[in-house]
Amino acid sequence: MLRLNPNCFLSQRPLVLPCFSPIRASPPSQAHFPVTQVSIKRWKISCFRREESPLEISKHESVDDILHEDFLESEFTKPCTSKRDLVTNLRKAADVIRGTIDKPWAVPWTVTTILQVTLLWMTAFWFVGFWLVPTGAWMMGFNKATLTFRGQAFLSLLTDVMEGFAGAAILYHCLSRFRPLPSEWFRFSLKGNWHLDVVVGCLMIPLINRLSQFNLDLLPMLPSTSVSSIEQSIIAKDPVAMTVYAVLLMVCSPLWEELVFRGFLLPSLTRYLPIWGSILVSSVAFAVVHGNIYRVLPLLFIGLVSGVIYTRCKNLLPSILFHSLWNFFVFMDLMK
């Protein structure tokens, strides 16, 4: 046993003992085994150590729980966040496209001028195609029923060219009092980033072809339906007639049709309709004027694509080029 010198307590100041926490022992084992060195080590003396209170322990546990919950929440919301970012990017892209499409035209005329041009053009279309050219050919001693394939091809080309000039003359006369027109009207230009729009439009051609087949499935052609002069020339394999029809389909028709429907009608309707409504109405008019119920759906879709291209570029050249490429695809399909 350790002996202490009592004089040492008299010659010095009273010794201040450090504060010891109560000695805590591990709960005794139920079995009575001899106390060994291993069991002695179970006794713990908390000296010079600040014990954490139950409140602090619970506080730490609550912080850990919060961090763990935040981690789990971030893990669960990560897919949602990525989807939200994708939707946001798509909306931004749609806003960019919509921003270029929704840019309106300055329309200086009213619905009276729109109706005047439309009615005069339809009248001229009927007069030239069904009366003036056939009558003139008859007076010159030509009968359409007895013409060769080349004669019919040249007659069709003449009819289409005269209809185009009649439409251009009507536009010039009816809009003359509004000149000078704003710069975005009837614009033809090689400049601009319109090439991608034409490429995207051409990628729609297989879909248009499917619509054409779907239209034929809905409304099968009657056996009594006559074969067109173009198909007759292709069957006869007349190279001159086929060349004339190629010029008609890929140059003349796209030029005057886009001039009337996309150049005039579509932007004129934006004074009274939203831009998408104007594209739809002008496309319906474009499909109806052709007078072919077996091609209504593909013609309607061609009008929609051409309308979107024109409203994005404010340039008639891209829509004419797309229209021409579609006619080329149809012509090559007929030659198979």
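How many salt bridges does the structure hold? The structure is a predicted model, in which local features need pLDDT of at least 70 and side-chain atom pairs count only at pLDDT 80 or more, while totals for chains, interfaces and linings use all residues. Residues are numbered from 1 along each chain as its sequence is written, and side-chain values use heavy atoms, with hydrogens and water left out.

Three salt bridges are present, a salt bridge being a side-chain nitrogen of Lys or Arg within 4 Å of a carboxyl oxygen of Asp or Glu. Helices are DSSP runs of H or I of at least four residues, numbered from the N terminus. Buried denotes under 20% relative accessible area, exposed over 50%, and partly exposed the range in between (1.4 Å probe, protein chains only).

R150 and D238 form a salt bridge through their side chains, with an N to O distance of 3.0 Å. R150 belongs to helix α5 (residues 149-174) and D238 to the loop between α8 (229-236) and α9 (239-269), so the pair ties together parts 88 residues apart in sequence. R150 is partly exposed at 39% relative accessibility, whereas D238 is buried at 12%.

A salt bridge also joins R312 to D197, with 2.5 Å between the closest N and O atoms. This pair links distant parts of the chain, 115 residues apart: R312 is in helix α11 (residues 296-313) and D197 in helix α6 (residues 195-203). R312 is partly exposed, at 31% relative accessibility, and D197 is buried, at 11%.

In the pair R262 and E258, the closest N and O atoms of the salt bridge are 2.8 Å apart. Both residues lie in helix α9, four residues apart, and are therefore separated by about one helical turn. R262 and E258 are both buried.

Technical notes
Helix = DSSP H or I, 4+ residues; strand = E, 2+ residues; numbered from the N terminus.
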